[in-house]
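Subject: Structure for you to look through

Hello,

Here is the structure I promised to pass on. Please open it first, then read my notes beside it.

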Amino acid sequence: MGLINTAALLYFRQAVDTAYGKVAGRWYILLQASQFHVMFYASRTLPNMFAFGLSKYVLCICASFIVSDKTVATLALRNLILAQATATKSQRSSKRRRLALYLLTFAGVVYRSEIAIILATQTAYLLYQGRTSLTKEIIPAGICGALVGLVTTISVDSFFWQRSLLWPEFVGFYYNTIQGKSSDWGTSPWRFYFLNAIPRLLLNPLSWALCIPTAMTTKATRNPSMDILIPLVAFVALYSFLPHKEVRFIIYVIPGFTAVASAGASWIWTRRTKTFRYRLLSLALIASTAISFASSMGLLYISGLNYPGGAALTRLHDSIAEHNGPPGRVYMDNLACQTGVTRFLEQGMGSGWSYDKTEDEETLLDPGFWAQFDYVLAERPERIIGGWEVVGVIHGYSGVGLGSLTGQAHDNERAEKGQGEEEIVSAPLQPRSPVSAGVNALLGVYNKAALWTSQKLTRNRWPVIKTSPRLYILSRDREA
């Protein structure tokens, strides 16, 4: 899935070449590759990231469950850019618009309902400009995309869920939006996407502070940039009225924003030899892009601390069970299931392991329910009924700040063993592969350099990654 999403982004680059030139296309690759979140989400099996594959202009329904709807949105936007970069009334331009609208309709019906808002803003903008026909392009593409999408999702999902005439995305839309249940997962202010999410997704501060404004104010790049940004900004503005917000909900707009940023970067770069100002700005672009790549590596490491559930189940399988008895039945609570516990980590049939993820509160208050388990992964051990002993503590990320590095090696060791709240520079990964061994070697060098520098130059203060206990591994107390 990650490779196909990467291929879609490279495919999107062709539209950037057409709209802005090949230098902008090269900057698009650099800026896109240095953005952590897009690359991180590209291979994750989230509902947002599943959709269907596309080869140039032919929809491959057979591949519809191994590619992301981010890919669909990216390819749809690619066709819109190409359509806008060519003669409005040409047959090729019309085909591209129909394909883009068809893809967005299909993705909205099957995978993520928020794509319908992108469809609405793109369609409204095309109609406002007089670049599309309601009867010849919009209605045919919408009807075709909706019919194919409905037939696909209802038939496939009804079979796997064993429910008649099930349209999952409508059920999710009704539950989260109409009933307002998404607010149960937390709320954010209206401005969150614009002031927090988009700058974080773009990562490189010069992308939004310098390059996009340059593209919007330069006569040669203003019109195509407006064509890309206006519908995307309208989508984010409309979607901001929903109280529950996550960065993955708007990740579809980032290739478009990056395309406009690459236009601004290209304009600056191609003039680097003309004036001192452009030379200085070009050097700043190079430096900020290099720092973004380095930051992505740091964010990748930190993100690994956000999955204590996966770490807990892995530790249970690999070491704890060996000292506390044979394989058995495991209960995994809500936090564990949200932070890394997946089917991929569970042992297969015949291994002796079995798993339970019950969430019903009344069931969890029944002592008889807990009597069937040998191990429990729990956020709050005091809520688990029966005789249990804590055999492992899994720490998770809790922030970044300035801390003392005295005795850092000892702190790292304690953090790995799960003894209390710690501040760590970088804890080693489990040595499962040559890659992990190489990363651990680099972390060791960094930790030693950071300790020496903090002792000699910064009065023992240094940026540290804070962790705190997140999950507890419980084993049944055989003597209780």
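Helices and strands are DSSP runs here: a helix has at least four residues, a strand at least two, and numbering starts at the N terminus. On that basis, the protein chain holds 19 helices and eight strands. Keep in mind that this is a predicted model.

**The chain as a whole**

The protein chain has 480 residues, and 46% of them count as buried. Its accessible surface is about 23700 Å². Carbon and sulfur atoms account for 62% of that surface. Now take the contacts between residues at least 6 apart in sequence: 73% of them join residues at least 24 apart.

Val-38 and Leu-201 are 163 residues apart along the chain, yet their C-alpha atoms are separated by 7.2 Å. Val-38 sits in helix α3, residues 36–42. Is Val-38 buried or exposed? Its relative accessibility is 1%, so Val-38 counts as buried; the cut-off for buried is under 20%.

**Nonpolar cores**

The largest nonpolar core has 59 residues. Which of them have the most contacts inside it? They are Tyr-193, Phe-235, Ile-250 and Phe-257. Helix α5, residues 91–110, gives the most to this core, with nine residues.

Leave out residues up to four places away in sequence, and Phe-235 still touches Glu-114, Ile-117, Ile-118, Thr-121, Phe-249, Ile-250, Tyr-252 and Val-253.

Start with Ser-158. This residue is in helix α7, residues 134–161. Its relative accessibility is 12%, so Ser-158 counts as buried. What does the side chain of Ser-158 reach? The backbone oxygen of Ile-154, at 2.5 Å. A polar atom of the Ser-158 side chain also lies 2.8 Å from the backbone nitrogen of Leu-166. With residues up to four places away in sequence left out, Ser-158 touches Thr-153, Arg-163, Ser-164, Leu-165 and Leu-166.

Next comes the loop between α7 and α8 (168–178), where Gln-162 has its place. Leu-165 lies in the loop between α7 and α8 too. Check the backbone angles of both. Most residues other than glycine have a negative phi. Gln-162 has a positive one, near 55 degrees. Phi of Leu-165 is also positive, near 50 degrees.

Gln-162 has 64%, so Gln-162 is exposed. Leu-165 is at 73%, so Leu-165 counts as exposed as well.

Rolling a probe the size of a water molecule over the atoms shows where empty space is left. The second largest pocket holds about 350 Å³ of space. How many residues line the second largest pocket? There are 15, and the closest to its centre are Tyr-331, Asp-333, Glu-361, Leu-364 and Arg-383. Two helices to find here are α15 (334–338) and α16 (361–364). Each supplies at least two residues of the lining.

Best wishes

Terms used. Residues numbered from 1 in each chain as written. Predicted model: local features only at pLDDT ≥ 70, side-chain atom pairs only at ≥ 80, totals over all residues. Heavy atoms only, no water. Core = buried A, V, L, I, M, F, W, Y, C linked by side-chain atoms within 4.5 Å. Buried < 20%, exposed > 50% of the residue type's maximum accessible area, 1.4 Å probe, protein only. Contact = heavy atoms within 4.5 Å. Polar contact = N/O pair within 3.5 Å; in protein donor to acceptor, adjacent residues only side chain to side chain. Areas by Shrake-Rupley, 256 points an atom, 1.4 Å probe, with all protein chains shown as cover. 1 Å grid on protein atoms, 1.4 Å probe; cavity = no way out; pocket = protein on both sides within 12 Å on 5 of 7 lines; lining within 4 Å. Points joined across faces, edges and corners; volume = space filled by probe spheres on them.
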